[in-house]
Amino acid sequence: MIKTIHSRQSECIRKMIVALRTNAGFTQRQLAEKLQRERSFIGRLELGERRLDMVEFFWLCRACEADPLKEARTLMRQLEAV
């Protein structure tokens, strides 16, 4: 079994993180500031060097003014399709 961080499903999550950020018009630094985190936190998420837990997912969606429930549903559909 491969590590989940190297799976195709993880790639879907990374793409979603980038899309949320860019659709909100934020740089990595701006999103990190909004989340009160270091810029490298966002960079590591987007590169797949760090996993995103559910609470962080919720906060990230809210920071990007996205509906966490809608984004989770979309993500689950993508994960099933991979």
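## Around L31

L31 touches R21, F26, I42, L60, A63 and C64, leaving aside residues up to four places away in sequence; contact here means heavy atoms within 4.5 Å. This is a predicted model, in which local features need pLDDT of at least 70 and side-chain atom pairs count only at pLDDT 80 or more, while totals for chains, interfaces and linings use all residues. Residues are numbered from 1 along each chain as its sequence is written, and side-chain values use heavy atoms, with hydrogens and water left out.

You will find L31 in helix α2, which covers residues 28-35. Helices (H or I, at least four residues) and strands (E, at least two) are DSSP runs, numbered from the N terminus. With a relative accessible area of 0%, L31 is buried; buried means under 20% relative accessible area, exposed over 50%, and partly exposed in between, using a 1.4 Å probe and protein chains only. One of its contacts, A63, sits 32 residues away along the chain, and the C-alpha atoms of L31 and A63 are separated by 7.2 Å.

## Helix α3 and a buried glutamate

Let us turn to α3. Its buried residues are F41, I42, G43, L45 and E46, and what covers them includes α1 (8-23), α2 and α4. Just after α3 comes G48, with a positive phi of about 80 degrees.

E46 deserves a look of its own. E46 belongs to helix α3, residues 39-47, and counts as buried because its relative accessibility is 14%. The side chain of E46 makes a polar contact with the side chain of R21 at 2.5 Å. A polar contact is a pair of N or O atoms within 3.5 Å; within protein, one must be able to donate a hydrogen and the other to accept it, and residues adjacent in sequence count only if both atoms are side-chain atoms. Beyond four places in sequence, E46 touches R14, I17, V18, R21 and Q28.

How many disulfides does a search of the whole structure find? The search finds zero, where a disulfide is a pair of cysteine sulfur atoms within 2.5 Å. For C61, the closest cysteine sulfur is in C64, and because the two are 7.3 Å apart, they are too far for a bond. Both sites are buried: C61 has 0% relative accessibility, and C64 has a relative accessible area of 8%.

## Where α4 meets α5

α4 and α5 pack at an angle of about 115 degrees, with their axes 9 Å apart. Axes are lines fitted to C-alpha atoms, for helices over the stretch in contact, and angles run from 0 to 180 degrees between N-to-C directions. On the α4 side, F57, F58, C61 and R62 meet P68, E71, A72 and L75 of α5. The residues of this contact divide into six nonpolar, no polar and two charged; Ala, Val, Leu, Ile, Met, Phe, Trp, Tyr, Cys and Pro count as nonpolar, Asp, Glu, Lys and Arg as charged, and the others, Gly among them, as polar.

## Positive phi in the loops

Most residues other than glycine have a negative phi. Q36, although not a glycine, has a positive phi of about 60 degrees. Q36 is placed in the loop between α2 and α3 and counts as exposed at 73% relative accessibility.

E65 is also not a glycine, and its phi is positive, near 55 degrees. E65 lies in the loop between α4 (54-63) and α5 (68-81), and its 72% relative accessibility makes it exposed.
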